[in-house]
Amino acid sequence: MNCLIVDDNKIARTTLKQLVAQVSDLEIAGEAAGALEASNLLRQQPVDLLLLDIEMEEMTGLELTRLLGDNRPVIIFISAKKEYAIEAFELNVADYIIKPVQPARFLQAIDRAREIIASNQQQLNVHKDAFLFIRDSNVVKRLGFEEILYAEAMGDYVKLHTAKKFYAVHSPLKTVEERLPVQQFIRVHRSYIVAVDKIDSVEQGALIIGGKPVPVADAYRNALNKRLNVL
């Protein structure tokens, strides 16, 4: 595992570096004195774990977490204040440590982060060559996730579009969404889920996938923009 230390207090960063040095499988990828600096560093070099302060100038740790979206590293908040804990855990962070950081408490948080990272990696491996079994007429067919361009809700059915044809399955879109790996797909409309790596372009508020336009609803636009990380 590697980590990025983010805290506007130099002494706090030094303390964390000393604690990290005591964990054999944890390395420091860098440090930042603020959330904006951390955001820039993460664009250049993704990390496994963020050791993140909350109260910082320009941008708080909570704001950075929301900015990073679903593709963020595992996060451990380290703060002098207790009152942010509920809001922090609502963001599904690994842990929340109160300063001054005690070594035993730090190791406990690292154990939690290690388990989450291992679980995430296991899910990635499972989905690497994963597939769905769908009923096509009277035949049950295996459809690889990598074949799917996008899913379109049509009444009681969902059309799974591929480069060659589409398959209509009798299922609500929500059920199909639960079967698709979040690392590869994103909801962009109440009726559409798309494969992120199949997006050719964004034109006039619609995605172009396989030469066809897919609408993007306003409610999903911010999440899509964060996921695409447009320069």
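## Close-up views of a predicted model

**View 1. His189 and the residues around it.** Leaving aside neighbours within four places in sequence, His189 is in contact with Pro215, Ala217 and Tyr220. The model shown here, as in every view below, is a predicted one. To find the residue, look in strand S11, which covers residues 185-189.

**View 2. An open sheet of three strands.** Here the strands follow the order S13-S14-S15, and their pairing is antiparallel. Strand S13 (199-203) and strand S15 (212-215) are the edge strands, each of them pairing on one side only. On average, and with direction ignored, neighbouring strands of this sheet are turned by 35° against each other. In general, the strands of a sheet pair through backbone hydrogen bonds, and they may do so in a parallel or an antiparallel way. How many bridges join strand S14 to S15? Four do, between S14 (residues 206-209) and an S15 that runs antiparallel to it. To get your bearings within the pair, find Leu207, which stands opposite Val214 in S15.

**View 3. A salt bridge between Asp7 and Lys99.** In this view the side chains of Asp7 and Lys99 meet in a salt bridge, with 2.7 Å from N to O. Asp7 lies in the loop between strand S1 (2-6) and helix H1 (10-20), while Lys99 lies in the loop between strand S5 (95-98) and helix H5 (103-128), so the pair ties together parts that are 92 residues apart in sequence. Is Asp7 buried or exposed? Asp7 counts as buried because its relative accessibility is 1%, under the 20% cut-off. Lys99, at 24% relative accessibility, counts as partly exposed. For the structure as a whole, the count comes to 13 salt bridges.

View 4. Where is Pro100 found? Pro100 sits in the loop between S5 and H5.

View 5. Arg221 and Asp218 form a salt bridge, and their closest N and O atoms are 3.2 Å apart. Why are these two residues separated by about one helical turn? They are three residues apart in helix H7 (residues 218-228), and therefore about one turn of the helix separates them. Arg221 counts as partly exposed, with 27% relative accessibility. Asp218 counts as exposed because its relative accessibility is 65%, over the 50% cut-off.

**View 6. A salt bridge between Lys198 and Asp197.** The closest N and O atoms of this pair are 3.4 Å apart. Asp197 is exposed, and its relative accessible area is 61%.

View 7. Glu58 is a residue other than glycine, yet its phi is positive, near 75°. You can find Glu58 in the loop between strand S3 (49-52) and helix H3 (61-68). Glu58 is exposed, with a relative accessible area of 71%. What is the phi of Asn92, which is not a glycine? The phi of Asn92 is about 60°, a positive value. Asn92 belongs to the loop between helix H4 (85-90) and S5, and it is exposed, with a relative accessible area of 68%.

View 8. Ala94 is found in the loop between H4 and S5. Is Ala94 buried or exposed? Ala94 is buried, because its relative accessible area is 9%, under the 20% cut-off. Which residues is Ala94 in contact with, leaving aside neighbours within four places in sequence? They are Val74, Ile75, Ile76, Phe89, Arg112, Ala113 and Ile116. For another landmark, look for Glu115, which is 21 residues from Ala94 along the chain. The C-alpha atoms of Ala94 and Glu115 are separated by 9.5 Å.

Notes: Residues are numbered from 1 along each chain as its sequence is written. This is a predicted model: local features need pLDDT of at least 70, side-chain atom pairs count only at pLDDT 80 or more; totals for chains, interfaces and linings use all residues. Side-chain values use heavy atoms; hydrogens and water are left out. A salt bridge is a side-chain nitrogen of Lys or Arg within 4 Å of a carboxyl oxygen of Asp or Glu. Buried means under 20% relative accessible area, exposed over 50%, partly exposed in between (1.4 Å probe, protein chains only). Two strands pair if DSSP finds at least two bridges between them. Axes are lines fitted to C-alpha atoms, for helices over the stretch in contact, and angles run from 0 to 180 degrees between N-to-C directions. Contact means heavy atoms within 4.5 Å.
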